[in-house]
Each structure stands twice: as structure tokens, then as C-alpha cells.
Amino acid sequence: MANNYQPGWKLARLAVWDATATDYVPIACITSRSESNASNVMEKTNACTQGKTVKTITSITRTVSVSGEVVTDNNVNSLDDLRDLQDSLTAHDFKVYRTSGVDGATETAWYFSATISNLNADYPTGEGESATFTMDLNIEGEYSNVKPTH
Amino acid sequence: MDRATEIRGKVITALSTLKYGSVSIPVFDEVVNPNISLPSVDGSIATYVVIQDQQEELNAVQTVDAPRFNLNMTIRVVTKWGTVGKKKLCEDIGDTIINLLRDDRGASRIDGIDKVLLVTAQSIAETTINNIAFSKIIILNFIKNG
């Protein structure tokens with residue numbers, strides 16, 4: 001089996017459903033994306049387990065985090081777009097990529113609904129340094145490879 | 001187009017209006033063209049600018065939108081004098097060049113270039129029995145997406 005390394009920049013892409021554009025719109029200008037899948041565990045220790053702690057996974061908490069540079073286009077600030085998403089106080093539909101397609105296979109997307117749990121900005125003052133942001137998304141439910149209907 | 005070619009062309013265009021007082025200062029690519037007369041500015045025997053030593057490398061920060069490159073370039077402002085000269089002329093012209101290409105915080109004044117960072121600027125002197133040359137050597141890092 002050939003080793004087809006997956007390019008990070010392709011899988012770092014994140015898009016959010018825009019009802020006005022009736023399409024998923026890329027979030028600019030991402031420099032990295034990470035995902036976390038934390039198992040929530042129930043522990044049980046009793047006579048039946050002979051005093052040992054037995055762990056049972058009850059659910060998985062999935063989060064997506066992105067960091068990027070703040071950009072403006074025609075006086076529209078990309079950070080303001082994210083602020084608006086968070087200020088809506090509702091979940092939004094997002095799209096990421098599960099496979100990059102570099103190995104000849106079809107590029108496949110993952111869809112999920114998520115709330116913004118953190119939106120942070122940083123404004124360094126060094127020469128040539130850009131304003132940056134980080135954003136954490138709490139996924140409601142699971143990833144889906146089926147594009148939701150809107 | 002090769003990125004070095006592109007940035008060099010844009011810099012030469014930006015410096016096409018370079019003047020000290022009312023005297024236009026010629027800008028050369030790597031070597032001085034012997035067919036072009038070099039102006040005497042403010043008491044100097046010759047004054048000119050040479051673009052040299054271009055380098056290209058990937059920027060440490062990459063985004064999903066486009067690859068990002070550092071395009072380094074050395075701009076050398078040369079002023080040649082008799083046995084007595086002054087360093088200020090090359091420094092003044094160097095300052096004018098920097099202001100044509102970027103602002104004080106590194107924002108680019110060239111279309112298609114994201115930022116222009118000042119890597120270093122240095123003044124040097126060279127002497128012979130009959131001449132002195134003062135040069136301002138400016139190294140700029142042009143940051144380009146794509």
C-alpha cells in the first residue's frame with residue numbers, strides 16, 4: 001500500500017453555510033485547523049468488578065478549532081463575520097474535508113452543526129504582523145458525510 | 001511569471017520616478033549599464049541604484065488560500081565622490097526608496113504584494129587613493145501570496 005500523505009492545507013479548510021449565498025462559504029484566512037474527539041467515560045468500581053475500576057465510554061465530545069489571519073475585503077472584516085455567527089446564539093452548519101483527494105480518490109466532505117464556544121482575536125504590534133483569530137466549535141451530534149438540506 | 005521577475009519589475013516601476021531634488025536617479029538590475037550616463041547629484045561624481053541578490057523562500061506562515069513567499073531583494077544606493085564626500089546623500093535616497101515601497105509599519109505600497117519588511121539597512125564606505133564611495137544597502141523582504 002502506498003503511503004499517500006494528506007496535505008494539511010487541504011484538510012484545514014473550513015466553510016460555513018451562508019443562507020444568503022445559499023452555499024458553504026470558506027472562512028478566511030485559516031492557517032491551521034485541529035479537531036478533538038474526547039471520550040466521555042463512566043467509571044464503575046464495585047464488588048462485581050472485583051474492586052477494579054471499569055471504564056465505559058458513554059459518548060464522544062467532538063470539537064473543531066481553527067486559527068487564522070483576519071482579512072478585509074471591500075471593508076468587510078472576516079472577524080466581524082465570525083462575530084455575527086457567534087452573536088446569533090444559534091448553531092450553524094459547517095463543512096470540513098475528511099479526505100484531500102490527493103491519492104486519486106474523490107475529495108470528501110464532512111458536515112456538522114456546531115456552536116461557537118470561543119472566538120478570540122490577537123493584535124500583535126510587530127512590523128508586518130497580522131491580526132489573528134482562533135475559534136472553537138462544539139459539534140452537536142456527529143460528523144455526517146451527507147450534505148444537509150437547507 | 002517567475003516571482004523574482006515579477007517583484008523586480010514592480011520595484012523598478014515603483015522607482016521609475018526616483019529623484020533627488022530635480023535629478024532623476026537611474027536604477028539598474030544587478031550591473032550598471034555603461035551606455036547610460038550617471039548623474040552627478042549634490043556634489044557627487046556619480047549616483048545610481050542597483051537592485052541585486054534576489055532570493056525566494058517559503059514564508060513560515062501558510063494559509064489555506066494560497067502559498068506565501070518571502071522575496072528578498074537588496075537595493076544598493078551608490079554615491080561616488082572625489083576625496084571628500086558625504087554619507088547623507090545615499091541615506092536620503094535610500095529613505096526615499098523605502099518610502100516609495102512601504103510605510104513605516106511594513107504595509108506594501110506595491111499592488112499584489114502583501115507586506116514589505118525591512119530586513120536590514122546599512123551604510124558602508126569604500127575608499128581608493130582618488131575616490132570615496134558611500135553606499136546605502138537596503139535589504140527588503142516582499143511578502144507575496146501566490
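Two strands pair if DSSP finds at least two bridges between them.

This is a predicted model, in which local features need pLDDT of at least 70 and side-chain atom pairs count only at pLDDT 80 or more, while totals for chains, interfaces and linings use all residues. Residues are numbered from 1 along each chain as its sequence is written, and chains are lettered from A and ligands numbered from 1 in the order in which they are written.

## The sheet of chain B

Let us stay with E5(B) for a moment. Ile75(B) in this strand is the bridge partner of Ile51(B). E5(B) is also joined to strand E7 (residues 132-145) of chain B, by 14 bridges and again antiparallel; there, Phe69(B) has Lys144(B) in E7(B) as its bridge partner. E3(B) and E4(B), by contrast, pair in the parallel sense over 3 bridges, with Phe28(B) opposite Val50(B) in E4(B).

Together these strands belong to an open sheet of 5 strands, in the order E3-E4-E5-E7-E6 (chain B), with mixed pairing. Strand E3 (27-29) and strand E6 (115-127) of chain B are its edge strands, each pairing on one side only. Helix H2 (residues 88-101) of chain B lies across E4, E5, E6 and E7 of chain B, and runs at about 10 degrees to E7(B). Such angles run from 0 to 180 degrees between N-to-C directions, with axes as lines fitted to C-alpha atoms, for helices over the stretch in contact.

| Strand pair | Bridges | Sense |
|---|---|---|
| E5(B) and E7(B) | 14 bridges | antiparallel |
| E3(A) and E4(A) | 14 bridges | antiparallel |

## Chain A

Chain A has 2 helices and 9 strands. Its radius of gyration, taken over C-alpha atoms, is 19 Å, well over the 15 Å that the globule rule (2.2 Å times the number of residues to the power 0.38) gives for 150 residues, so chain A is more spread out than a compact globule. The C-alpha trace of chain A spans about 65 × 40 × 40 Å along its principal axes.

An open sheet of 7 strands has the order E2-E1-E7-E8-E9-E4-E3 (chain A), with antiparallel pairing. Its edge strands are strand E2 (23-26) and strand E3 (30-44) of chain A. On average, neighbouring strands of this sheet are turned by 40 degrees against each other, direction ignored.

Which strand holds Ile116(A)? This residue lies in strand E8 (residues 108-122) of chain A. Ile116(A) is buried because 21 other C-beta atoms lie within 10 Å; the cut-off for buried is 20 or more, with C-beta atoms placed from the backbone. Beyond its neighbours within four places in sequence, Ile116(A) is in contact (C-beta atoms within 7 Å) with Leu85(A), Gln86(A), Met135(A) and Leu137(A).

## Where the chains meet

How many residues of chain B are in contact with chain A? There are 10, and they are in contact with 11 residues of chain A.

Technical notes. Helices (H or I, at least four residues) and strands (E, at least two) are DSSP runs, numbered from the N terminus. A residue is buried if 20 or more other C-beta atoms lie within 10 Å of its own, exposed if 12 or fewer, and partly exposed in between; C-beta atoms are placed from the backbone. Two residues are in contact if their C-beta atoms, placed from the backbone, lie within 7 Å.
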